[in-house]
Amino acid sequence: MIYCVVPQELAGELYDKLVAYYDKNPDVTVIVDRRRGPDRRNVSGLSTRDERRVTRDRRRARVTGTFPSVDVSATG
């Protein structure tokens with residue numbers, strides 16, 4: 001599902017045009033952004049981001065150790 005988000009200030013001129021444009025594509029939904037108020041991602045009104053959330057790498061760690069050296073002059 002793809003959401004085409006239209007800012008509320010531009011909804012009057014863009015919403016109907018975008019709905020008509022994406023009418024034949026069932027994977028796209030056009031919506032109007034109606035959020036109001038302060039950004040809730042800021043903790044206690046601070047301007048810095050909340051650093052408690054940690055993004056982790058899901059890939060497996062590389063095998064420890066070193067690779068054998070390759071003689072470049074032998075290939076060619």
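How many aromatic pairs does the count come to? In this predicted model, local features need pLDDT of at least 70 and side-chain atom pairs count only at pLDDT 80 or more, while totals for chains, interfaces and linings use all residues. Residues are numbered from 1 along each chain as its sequence is written, and side-chain values use heavy atoms, with hydrogens and water left out.

The count comes to one aromatic pair. Tyr21 and Tyr22 form an edge-to-face pair, because their ring centres are 4.9 Å apart and their planes stand at 90°. Rings of Phe, Tyr and Trp (its six-membered ring) pair if their centres lie within 6.5 Å; planes under 30 degrees apart count as stacked, over 60 as edge-to-face and the rest as tilted. Tyr21 is exposed, at 65% relative accessible area, and Tyr22 is partly exposed, at 27%. Buried means under 20% relative accessible area, exposed over 50%, and partly exposed in between (1.4 Å probe, protein chains only).

One salt bridge is present in the structure, a term for a side-chain nitrogen of Lys or Arg within 4 Å of a carboxyl oxygen of Asp or Glu. Its partners are Arg35 and Asp33, with 2.9 Å from N to O. Arg35 counts as exposed because its relative accessibility is 70%, whereas Asp33, at 23%, counts as partly exposed.

The chain contains one helix and two strands, in the order β-α-β from the N terminus. Helices (H or I, at least four residues) and strands (E, at least two) are DSSP runs, numbered from the N terminus. Of the 76 residues in the chain, 8% are buried.
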